[in-house]
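Please consult the sequence and the model alongside the text.

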Amino acid sequence: MIEAETHRDPDLAVIEAGSRTLRTQGGPPESDVPARPEDPEVAQALREVEGELATRWGETKLEPSLSRVAALMDVLGEPQRAYPSIHITGTNGKTSTARMIEALLGAFELRTGRYTSPHVQSVTERISLDGAPVSAERFVETYRDIAPYIEMVDAQQEHRLSFFEVLTGMAYAAFADAPVDVAVVEVGMGGSWDATNVIDGSVAVVMPIDLDHTDRLGTTPAEIATEKAGIIKPDATVIMAQQPVDAAQVLLRKAVEADATVAREGLEFGVVARQVAVGGQQVTLRGLGGEYPEVYLPLHGAHQAHNAAVALAAVEAFFGVGAQRAEPLDIDTVRKAFAAVASPGRLEVVRRSPTVVLDAAHNPAGARAAAGAIGEAFQFSRLIGVVGASGDKNVRGLLEAFEPVFAEVVVTQNSSHRAMDADELAGIAVEVFGEDRVQVEPRLPDALEAAITLAEEEGEFTGAGVLVTGSVITVGEARLLLGKG
């Protein structure tokens with residue numbers, strides 16, 4: 001097993017003794033980020049909806065309560081109860097894992113709904129049906145259908161429904177209307193009071209927990225895990241990625257309290273082997289039902305292999321593998337599903353000569369994963385970074401993670417009001433990289449041009465590359481500038 005957990009706290013054995021564990025006894029087509037609608041009327045209607053959503057509390061302004069979204073579900077007739085759900089929390093890897101779960105379920109001929117955040121380029125990405133983002137027309141229609149109910153709830157509550165709460169209501173209503181066989185739902189932040197947590201996920205997935213949003217979730221992995229453990233519901237199955245020991249303790253205690261079944265990466269399932277392949281990697285996964293050899297995954301990095309192991313275990317649990325049935329899922333179907341997975345903005349190549357890669361890493365843990373993966377997968381002779389980050393993130397930690405792999409860094413800022421000022425970011429970057437390795441270009445188009453020029457300085461055949469990172473918004477805007485979507 002790669003990176004199996006070897007240092008385990010003795011207290012875990014006590015907790016695990018009170019919880020059940022899962023052991024075996026004895027895809028849809030690739031989707032991409034949607035472009036803006038070509039029909040002027042549809043484009044205008046979408047802009048109007050986006051404008052109305054923008055008048056609400058943004059995703060960074062939170063009040064820890066489910067009262068508003070629960071009230072919306074009530075007046076809509078509880079659409080989130082119309083289908084089973086797989087609920088995903090954690091710090092990093094949620095969206096990629098959600099896409100893998102969706103692909104697996106679709107390959108087994110289930111109709112899926114997927115709700116993820118944030119979006120890379122278009123808000124319509126957040127709600128997907130059958131592996132593809134809903135059309136702009138359907139997005140607008142869904143909003144207009146529930147708008148009267150949103151107004152009704154707004155009038156009854158102390159605070160209006162937030163941007164994220166409205167989108168969550170739209171997703172759950174769209175899934176019920178489709179109808180879907182299963183919903184794959186990523187939390188926005190935390191778990192206990194996240195707007196998505198009005199569902200009862202029969203499978204609760206907890207991706208690796210690290211320090212992020214510490215001003216809202218807590219300053220230690222254990223404190224953050226306490227919030228994220230809120231998605232674990234009675235009698236659910238918990239699929240737990242490798243965790244810091246203190247976070248694992250919290251999660252396992254919650255599983256005991258909820259009488260939930262637990263499957264842990266490195267014990268009940270995991271990555272057996274992996275090797276770099278053209279365009280991705282070849283992996284052998286051990287699931288709850290046995291081994292799945294020679295699975296091609298068109299995504300780069302060890303972290304994506306671990307995401308794949310978690311996704312496979314989640315789908316196995318959904319189908320009852322390891323509990324009601326011992327046999328594994330059909331290997332050919334599993335291989336087909338993973339081979340079709342796409343995750344835009346996650347070590348995504350958007351240009352060649354020089355190669356430009358986009359990665360939405362926005363915290364130190366994500367940056368460490370991206371830095372390791374890009375060295376393994378691309379082997380650039382020289383790598384230029386373009387970094388635009390949000391002011392509420394651990395920017396120093398993010399830059400320190402990239403320092404060993406960036407020859408030079410061009411600091412910039414995206415168009416979000418949350419973006420850190422380029423000069424402020426440069427001040428931190430100079431402390432991390434040294435003045436000679438830092439260039440400041442406040443406008444993202446100028447930053448991209450500067451980085452590509454630096455990469456080209458070594459000549460056509462030297463293998464220099466550019467990595468654009470620091471924020472999902474930076475990646476999304478760079479993606480548009482470089483002609484994707």
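Which residue in strand 14 does arginine 346 stand opposite? The residue opposite arginine 346 is aspartate 359. The model is a predicted one, in which local features need pLDDT of at least 70 and side-chain atom pairs count only at pLDDT 80 or more, whereas totals for chains, interfaces and linings use all residues. Residues are numbered from 1 along each chain as its sequence is written, and side-chain values use heavy atoms, with hydrogens and water left out.

**Overall composition**

The protein chain contains 16 helices and 18 strands. These elements are DSSP runs numbered from the N terminus, with helices (H or I) of at least four residues and strands (E) of at least two. Of the 485 residues in the protein chain, 56% are buried. Here buried means under 20% relative accessible area, exposed means over 50%, and partly exposed lies in between (1.4 Å probe, protein chains only). The protein chain exposes about 18,800 Å², and carbon and sulfur atoms supply 48% of this area. Accessible areas come from the Shrake-Rupley method with a 1.4 Å probe; for residues, only the protein chains shown count as cover.

Arginine 346 and aspartate 359 belong to the pairing of strand 13 with strand 14 (residues 355-359), which run antiparallel and are joined by 4 bridges. Two strands are taken to pair if DSSP finds at least two bridges between them. Strands of a sheet pair through backbone hydrogen bonds, either parallel or antiparallel. In the hairpin of strand 13 and strand 14, 3 residues lie between the strands, and serine 353 takes a positive phi near 60°.

These two strands are part of an open sheet of 6 strands in the order 13-14-18-15-16-17, with mixed pairing. Its edge strands, strand 13 (346-351) and strand 17 (438-443), each pair on one side only. From one strand to the next, the twist averages 25°. Helix 16 (residues 472-481) packs on the sheet and touches strand 13, strand 14 and strand 18 (464-469); the direction of helix 16 makes about 125° with that of strand 18. Contact means heavy atoms within 4.5 Å. Axes are lines fitted to C-alpha atoms, for helices over the stretch in contact, and angles run from 0 to 180 degrees between N-to-C directions.

An open sheet with antiparallel pairing is formed by 3 strands in the order 10-11-12. Strand 10 (270-277) and strand 12 (290-297) are its edge strands, each pairing on one side only. The twist averages 15° from one strand to the next. Between strand 10 and strand 11 (residues 280-287) there are 7 bridges in the antiparallel sense. Valine 271 has leucine 285 in strand 11 as its bridge partner. Helix 11 (residues 331-339) packs on this sheet, touching strand 11 and strand 12, and its direction makes about 30° with that of strand 12.

**Helix 15**

Helix 15 (residues 444-456) has 13 residues, which at 1.5 Å a residue should span 18 Å; its end C-alpha atoms are 18 Å apart, in agreement. The expected span is 1.5 Å times one less than the number of residues. Among the buried residues of helix 15 are Leu444, Leu448, Ile452 and Leu454.

**Salt bridges**

The structure holds 22 salt bridges. A salt bridge is a side-chain nitrogen of Lys or Arg within 4 Å of a carboxyl oxygen of Asp or Glu. Three of these pairs are listed below.

| glutamate 52 | arginine 144 | 3.1 Å |

Glutamate 52 is partly exposed at 31% relative accessibility, and arginine 144 is partly exposed at 33%.

Arginine 81 is partly exposed, with a relative accessible area of 49%; for glutamate 78, also partly exposed, the value is 27%. Glu78 and Arg81 are linked with Asp200 and Lys233 in a network of salt bridges.

Glutamate 403 is partly exposed at 25% relative accessibility, and arginine 437 is partly exposed at 21%.
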